[in-house]
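Have a look at the structure below, and then take the tasks one at a time.

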Amino acid sequence: MKKLTLLVLLSLLLMACGNSEQTAKQTNTEPAESKTLTSTDTAESTDIDGLIQQAEDLYAQSLAAKHAWTVNRDLLKDAQRLAQDGDMDQAIANAEEAIKLAKLALIQADAEKDLWQKRVPQ
Amino acid sequence: MNLTKLIALLLVTVVVSAAQADPEADRLAFRELYQQKFPAVDLAEFKDGVYAIDEKMREQWLEMEDFPAYEIAIDEGEELYETPFANGKTYADCFGDDPGIKHNYPIFDESVAEVITLEVAINKCREDNAEKPLPWLVGELAEISAYMAFSTRGKSFDIKIDSAAAQEAYENGKQFYYTRRGQMNFECRSCHQQNVGHMLRAEKISPSLGHTTHWPVYRGSWQYVGNIHKRFQECNIQVRAVPFEAQSAEYRNLEYFLTYMSNGMELNGPGSRR
């Protein structure tokens, strides 16, 4: 009888361990899911980092050409701030607009190298 | 020298002359433009800026001139001008006994191959006498400049362009004036030649002829006396261009060009503007 009681207790203990292992497995799955989400965030963050870097480079070129635009500078600052705050959609929109404006400023700088001469009163 | 060499030399001379602009021809064409736009305004009146081309604004301005807001700046500038440096010397040791020398500035200093504005000269005087330079745009430097401008009243601009390097600085200033910049895609000319006399919101746009005669200026929007480079910066910002530093080569060259355009005109600074 004692042997039987010990056997039952051992079985219950093993079952309990099995359940606890299963629960532990489920608990581990949750961080695995959130890790997948973080990877997506990182990908977005990498995208915006690349866009901001491109916008910064083009803005620096317009500054070097002495044709930088204030609106471009402001958009770039906003894009940096929005990215830090986690508003990726707006940050991307601002960075893309900053890139577009910097390209226009560079076109202006290039065109004006000669065009100004035609405006001097004769 | 044989004939072929002589002809080659002549051709080179002609080509070089054609490539180089003549500042005096520029100045006359500049004046002509405003004379055509405002035939009823005497050339000498352009020293009064926008008040030369609008009778009602002129009346208001003349009333303001009875008790001008820049008067305190002149008094304080005079005191600063006459206060000896720590070494016992004064500004007079740099500029001579007569502080009325603004009509000669900007000058082109051949030794450093740069345009030197009056403000740069004042700070150079300080540094030569072991004093710290003053901030460019407002405050004590603008007050000293206001006193020197007041002492220069009645004299006429006599700006010199005596070398190829000076001419290059002048050309750079001219290029700046006629170059479109900022998101608005404006040149200085867009407002001050093409739209001169038109309204920009509540303000009438001033002519560039005589632009440099009356600085520094007490502006109502500033509530203090400031230098012309502060106004250059504001103009750039208004067309959404990133402005240059005060007393940068760009703005000094622009001031050199603009002042040459007003050569021969009487100085009447400091001024007051709305």
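**Exercise 1. Find the residues with the most contacts inside the largest nonpolar core, and the elements that supply this core.**

Keep in mind that this is a predicted model.

Step 1. The largest nonpolar core has 55 residues. Those with the most contacts inside it are Ala73(B), Ala146(B), Tyr170(B), Val225(B), Leu254(B), Phe257(B) and Tyr260(B).

Step 2. Now turn to the elements of chain B. At least two residues of this core come from each of α2, α4 (71–82), α6, α7, α8, β5 (217–219), α10 (228–238) and α11. The element that gives the most is α7(B), with 8 residues.

Step 3. Leaving aside residues up to four places away in sequence, Tyr170(B) touches Pro23(B), Ile161(B), Tyr256(B), Phe257(B) and Tyr260(B).

**Exercise 2. Describe how α8(B) packs with helix α11 of chain B.**

Step 1. Start with the geometry: the axes of α8(B) and α11(B) (residues 249–261) are 7 Å apart, and the packing angle is about 90 degrees. Angles of 65 to 115 degrees count as roughly perpendicular, so α8(B) and α11(B) are roughly perpendicular to each other.

Step 2. List the contact. From α8(B) come Ala169(B), Tyr170(B), Asn172(B), Gly173(B), Lys174(B), Phe176(B) and Tyr177(B). From α11(B) come Glu250(B), Asn253(B), Leu254(B), Tyr256(B), Phe257(B) and Tyr260(B).

Step 3. Sort these residues by class: 8 are nonpolar, 3 polar and 2 charged.

**Exercise 3. Work out how α6(B) and α7(B) cross, and which residues make the contact.**

Step 1. Helix α6(B) spans residues 118–128 and α7(B) spans residues 140–152. Their axes come within 10 Å and cross at roughly 115 degrees, which makes α6(B) roughly perpendicular to α7(B). The crossing is right-handed.

Step 2. On the α6(B) side, the contact is made by Leu118(B), Glu119(B), Ile122(B) and Asn123(B). Helix α7(B) brings Leu141(B), Ile144(B), Ser145(B) and Met148(B). By class, this contact has 5 nonpolar, 2 polar and 1 charged.

**Exercise 4. Move to chain A: describe its elements and the pairing of α2(A) with α3(A).**

Step 1. Chain A has 3 helices and 0 strands, running α-α-α from the N terminus on. Of its 122 residues, 21% count as buried.

Step 2. Helices α2(A) (residues 70–85) and α3(A) (residues 88–115) pack at about 155 degrees, with axes 8 Å apart. Angles over 145 degrees count as roughly antiparallel, so α2(A) and α3(A) are roughly antiparallel to each other. Their crossing is left-handed.

Step 3. Among the residues that meet here are Leu75(A) and Leu82(A) in α2(A), and Ala98(A) and Leu101(A) in α3(A). By class, the contact of α2(A) with α3(A) has 13 nonpolar, 3 polar and 2 charged residues.

**Exercise 5. Say how many residues of chain B are in contact with chain A, and which helices of chain B take part.**

Step 1. Count both sides: 20 residues of chain B are in contact with 15 residues of chain A.

Step 2. On the chain B side, α2 (23–37) and α8 (164–178) each supply at least two residues. The largest share, 4 residues, comes from α2(B).

Step 3. Finish with the classes: the side of chain B that touches chain A has 7 nonpolar, 5 polar and 8 charged residues.

Note on methods:
Residues numbered from 1 in each chain as written. Chains lettered and ligands numbered in written order. Predicted model: local features only at pLDDT ≥ 70, side-chain atom pairs only at ≥ 80, totals over all residues. Contact = placed C-beta atoms within 7 Å. Nonpolar A, V, L, I, M, F, W, Y, C, P; charged D, E, K, R; others polar. Axes fitted to C-alpha atoms, helices over the stretch in contact; angles between N-to-C directions. Parallel < 35°, antiparallel > 145°, perpendicular 65-115°, else oblique. Left-handed = near helix turned anticlockwise from the far one by under 90°. Core = buried A, V, L, I, M, F, W, Y, C linked by C-beta atoms within 7 Å. Buried ≥ 20, exposed ≤ 12 C-beta atoms within 10 Å, placed from the backbone.
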